[in-house]
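The following note sets out a few points for a colleague reading this entry. Please consult the sequence and coordinates alongside each point.

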Amino acid sequence: PHPTSLHSLQDIRNTVGNIPMEWYQDFPHIGYNLDGKKIYKPIRSKDELDMFLEKMENPDYWRTVQDKMTGADIKLTDEQVELVHRLQKGQFGDVHFNPYEPAVDFFTHEVMIHPVTNRPADKRSFIPSLIEKEKVSKLVHAIKMGWIKPRKPKDDTPTYYDLWAHEDPNSILGRHKMHVPAPKMKLPGHEESYNPPPEYLLSEEERLAWEQQDAAERKLNFVPQQFRCLRAVPAYARFIHERFERCLDLYLCPRQRKMRVNVDPEDLIPKLPKPRDLQPFPTSQALVYRGHTSLVRCLSISPSGQWLVSGSDDGTVRFWEVCTARCMKTLPVGGVVKSVAWNPNPTICLVAVCVEQSVLLINPCLGDKLLYAATDQLLEAYAAPEEERVQPVRWAPASPEEHTRGIRLLVHHDKAVKQVTWHGKGDYFASVVADSGNRQVLIHQSSKRWSQSPFRKSRGLVQRVLFHPLRPYFFVATQRYVRVYNLLKQELTKKLMTNCKWVSSMAVHPAGDNIICGSYDSKLAWFDLDLSTRPYQLLR
């Protein structure tokens, strides 16, 4: 036991015994003192920096250790440090222990009067053992029966393994299968003779030409020479050089046997299907929609697919049934029709028509009566705001005479209107005006009869605009580029390079991730919006 300390307060003695101290890891205390009170762990709030500073500044840091039993930091005394050093060197802990004392010989060769043990010998040390006899008889029986084989004498002759022992003797080994013998060197001809015929010797011009040629271009890699007799022939200067090059060729040029495949050229031509198996593609004319007396400029199909509207230079808009080519209605509008667009919302029966400087909203009154009656109610539900708002266009309701023809609203612009297109929901539509300023594109809301110009400045002549079918994007095609605007964030999202001289038309896929632009220089640019701002394919 420890000698009792002078300061009984300092005598913190842990009474938990020899147990792993990790058991107290998650507790605030580390054991119990002699009075049975908990010994609390000292607060350790030092971080890495404090530890480092203490290491640098405290001269006794090297001899301070943590007592695992109490958690306190203890400074080692000089004797303890000395003990640690001795144990590290592999010496004994006790300073005064002498490992080299003379040995005390207990069991000596001298027979003592009083032996260390004086027990009389057992009887069993004289008699053969019965247990051993039984074991031996069992082993003898097993050997006789052949259950235990006697040990074979060890064979000391070294064993050699034949790597190719299991190979088929008739097969060519893998490494010899592709063996290609080295090409033989060309045999010397007349030009290499010591006394060649005169026609093999080079003239002065030929020699000059030979010297100016590259080594790879020369037909001969030496100049033929003539000597009187074989004794006069000197040593060949390039002999070692040529031998070395030959060695390089042999071990640096891999020689491989290429199996030549005999292919019938007919098999390489793909088997094309017969054109008549590739139907249905248009082979015969099915329907002709006759009625217009002049150039037809534009078409649009209703979302149900049952009706078709067409605009013409003869100043009329005609409504047709698609499957029968029957003209259901003819509407004179008094001017060249540049663009028509059927509302894509199947619950609204409206057609937008561009005539000179106006956009007409027409209810064709075709199909379901409930549908086109509901469309009229929707437009008539409009209530004018108290104060007049400044708009870039003038909205006018149709006169009674126009109303009977089907016209419901007129949107008068300052300049001629080139194109009209609807938003997918069917309330908003956009128009393109033949202008060079910032009011080329206008966006209108039919339910509130409200128009606005979305762009502050012009980015070139706008040819076509389109709404994205699903997302709030707006496509604006100028002569060379298609700009994609985000209507919610009101910013330019992408600028597509069409690689065309003058864009004429544009269409977007119903899923909205592919766009096709046509141009006046007979090109069709197909864009994949997820892929790149350049055309995925340019069709001529």
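1. Contact, as the word is used in this note, means heavy atoms within 4.5 Å. The structure discussed is a predicted model.

2. On domain organisation, the protein chain is divided into two parts: domain 1 covers 21-87, and domain 2 is made up of 296-380 + 391-539. The C-alpha centres of domain 1 and domain 2 are 85 Å apart.

3. V309 belongs to strand 6, which spans residues 307-312. Its relative accessibility is 0%, so V309 counts as buried, the limit being under 20%. Once neighbours within four places in sequence are set aside, V309 is in contact with C298, L299 and S300, with V317, R318 and F319, and with V340, W342 and V351.

4. How far apart are the C-alpha atoms of V309 and M497? The separation is 32 Å, for two residues that lie 188 residues apart along the chain.

5. S451 is placed in strand 17, residues 450-452. A relative accessible area of 1% makes S451 buried. Excluding neighbours within four places in sequence, the residues in contact with S451 are Q391, P392, V393, W395, I443 and H444.

6. Which side chain makes a polar contact with the side chain of S451? The partner is the side chain of H444, at 2.7 Å.

Methods: Residues numbered from 1 in each chain as written. Predicted model: local features only at pLDDT ≥ 70, side-chain atom pairs only at ≥ 80, totals over all residues. Heavy atoms only, no water. Helix = DSSP H or I, 4+ residues; strand = E, 2+ residues; numbered from the N terminus. Buried < 20%, exposed > 50% of the residue type's maximum accessible area, 1.4 Å probe, protein only. Polar contact = N/O pair within 3.5 Å; in protein donor to acceptor, adjacent residues only side chain to side chain. Domains from an automatic or database assignment.
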